[in-house]
Amino acid sequence: MPMQCCECENYQMVDAEVEERLTVAGRAFVVVVPGTECLQCGNTYLRYDAMIAVKRSVAMELVRHGDVNAETFKYMRKTIPMSVAELAPLLHVAPETVSRWESGEQPIEPNAAALLALMVVEAIEGRSTCIDHLKATLDPISWPEVTRLAPDVSVIAADAAPKDLPAGFDGHFPLEPAVQDSAAKRREQGARAARPRGDQRLGLEAAFA
Ligand SMILES: [Zn+2]
């Protein structure tokens, strides 16, 4: 069924780059997104997914500018989207508290605003680590006997290494002095060159301690 213009009831609609102007919390935004234009009256329309994308891009700018106030907090919450009743327990406050933050009756807890900002960024990136973590603090996820992990070592940045590495660090985590001593002793005694796994684990834990 062809789309009809709500303004002039014309059916001649074409795909167009739509320029949307909006003001949120006193900040003016111009957003260009794919939409539809009426050939007769020039009215423009956004698809539902484009409207969501517009709101999220505005919310992202609010996050980037650190603009925390009653209006931006409410806007960001609705962008995720999340109700007051859903958000409040994750922030360990009563729903009434969130309502008072959003009406300006009570100053917003800065850490709560930071968590909301994280949720906005993750929603845009299609992730939910922050929300999942907050939910898990309320309703812990049970542990298996052993948790098996396969970390992607290719994404570790060079500056993630401990800052207080000893001089002459060769890119391998050092073993604790006591472990090195016993390792040297084992070598002297003609033991296997390979270090026992337990010693390596001690060294790695010590490097990050
Ligand atoms: Zn029209």
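## Contacts and the model

Two residues are in contact here if their C-beta atoms, placed from the backbone, lie within 7 Å. With that in hand, take the contacts between residues at least 6 apart in sequence: 53% of them join residues at least 24 apart.

The structure you are looking at is a predicted model, in which local features need pLDDT of at least 70 and side-chain atom pairs count only at pLDDT 80 or more, while totals for chains, interfaces and linings use all residues. Residues are numbered from 1 along each chain as its sequence is written.

pLDDT is the predictor's confidence in each residue, from 0 to 100. The mean for this protein is 85, and 74% of its residues reach 70 or more. Among the elements, helix H4 (residues 95-103) has the highest mean pLDDT, 98, and helix H8 (residues 197-208) has the lowest, 56. Where pLDDT is low, the predicted coordinates should not be read in detail.

## The order of elements

Helices (H or I, at least four residues) and strands (E, at least two) are DSSP runs, numbered from the N terminus. The protein has three strands and eight helices. Read from the N terminus, the order is β-β-β-α-α-α-α-α-α-α-α.

## The sheet

Two strands count as paired if DSSP finds at least two bridges between them. Three strands build an open sheet in the order E1-E2-E3, with antiparallel pairing. E1 and E3 stand at the edges with a single partner strand each, so one side of each has no neighbour in the sheet. On average, neighbouring strands are turned by 50° against each other, direction ignored. Helix H1 packs on this sheet and touches E1, E2 and E3. The direction of H1 makes about 165° with that of E2; such angles run from 0 to 180 degrees between N-to-C directions, and axes are lines fitted to C-alpha atoms, for helices over the stretch in contact.

Strand E1 (residues 13-24) and strand E2 (residues 27-38) run antiparallel and are joined by 12 bridges. Val 18 stands opposite Val 33 in E2, and Glu 20 has Val 31 in E2 as its bridge partner. E2 also pairs with strand E3 (residues 44-46), again in the antiparallel sense, over three bridges. There, Thr 36 stands opposite Tyr 45 in E3.

## Turns and loops worth a look

The hairpin of E1 and E2 has two residues between the strands. One to check in your viewer is Ala 25, in the loop between E1 and E2, with phi near 50°, a positive value in a residue other than glycine. A residue is buried if 20 or more other C-beta atoms lie within 10 Å of its own, exposed if 12 or fewer, and partly exposed in between, with C-beta atoms placed from the backbone. Ala 25 has 15 C-beta neighbours inside 10 Å, so it counts as partly exposed. The hairpin of E2 and E3 has five residues between the strands, and Gly 42 in its turn has a positive phi of about 85°.

Further along, Ile 80 and Pro 81 are joined by a cis peptide bond, with omega about -10°. Pro 81 lies in the loop between H2 and helix H3 (84-90). His 92, in the loop between H3 and H4, is a non-glycine residue with a positive phi near 60°. His 92 is partly exposed, as 13 other C-beta atoms lie within 10 Å.

## The nonpolar core

Buried residues make up 11% of the 209 residues in the protein. A nonpolar core is a set of buried Ala, Val, Leu, Ile, Met, Phe, Trp, Tyr and Cys residues joined through C-beta atoms within 7 Å. The largest one has 17 residues, of which Ala 59, Phe 73, Met 76, Ala 113, Leu 116, Ala 117 and Val 120 touch the most other members. Helix H1 (48-64), helix H2 (70-79), H4 and helix H5 (110-125) each supply at least two residues of this core. H5 gives the most, with seven residues.

H2 and H5 pack with their axes 9 Å apart, at an angle of about 35°. Leaving aside its neighbours within four places in sequence, Ala 113 is in contact with Val 68, Phe 73 and Ile 108.
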